[in-house]
Amino acid sequence: MHLHLSGQPRIERADGSAHALAEVDALLLAYLALQGPTARRTLGALLWPESSEAQAASALRQRLFRLRRLLGAEVALGAPLLALAPGVAHDLADADTLL
């Protein structure tokens, strides 16, 4: 899979099909692409700052579930640290100041 995060956020599967990414999903995946493995707790606080820690954790799990269901594969995995799944490439290699 290849993440296209600069410009119109989308993910392209190996079969060539592309799926648009919701803003929150693009932010999550861009953060992981640039920062590497990150604590789920940190991601929840960044993406849902006005939610309780439990609510943010639930929202993160739901986003990951929706992505997995949409793509038929994991795009990010791990606990307590979340990281891009092996084989997921992105277009932000030279964008270390993007976020």
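Colleague: Happy to look at this with you! What radius of gyration does the protein have, and how does this compare with a compact globule of 99 residues?

Modeller: This is a predicted model, where local features need pLDDT of at least 70, side-chain atom pairs count only at pLDDT 80 or more, and totals for chains, interfaces and linings use all residues. Residues are numbered from 1 along each chain as its sequence is written, and side-chain values use heavy atoms, leaving out hydrogens and water. The radius is taken over C-alpha atoms, and the globule rule is 2.2 Å times the number of residues to the power 0.38. A compact globule with 99 residues would come out near 13 Å, which agrees with the protein's 13 Å.

Colleague: Nice. What percentage of the residues count as buried?

Modeller: Buried means under 20% relative accessible area with a 1.4 Å probe, protein chains only. Of the 99 residues, the buried share is 36%.

Colleague: And in what order do the elements run from the N terminus?

Modeller: Helices (H or I, at least four residues) and strands (E, at least two) are DSSP runs, numbered from the N terminus. The protein has three helices and seven strands. Their order is β-β-β-α-β-α-α-β-β-β.

Colleague: Which residue in β6 is the bridge partner of Thr-38?

Modeller: Strands pair if DSSP finds at least two bridges between them. An open antiparallel sheet has the order β4-β6-β5, with β4 (38–39) and β5 (76–77) as its edge strands. β4 pairs with β6 (residues 81–84) over two bridges. The β6 partner of Thr-38 is Leu-82.

Note on methods
Buried means under 20% relative accessible area, exposed over 50%, partly exposed in between (1.4 Å probe, protein chains only).
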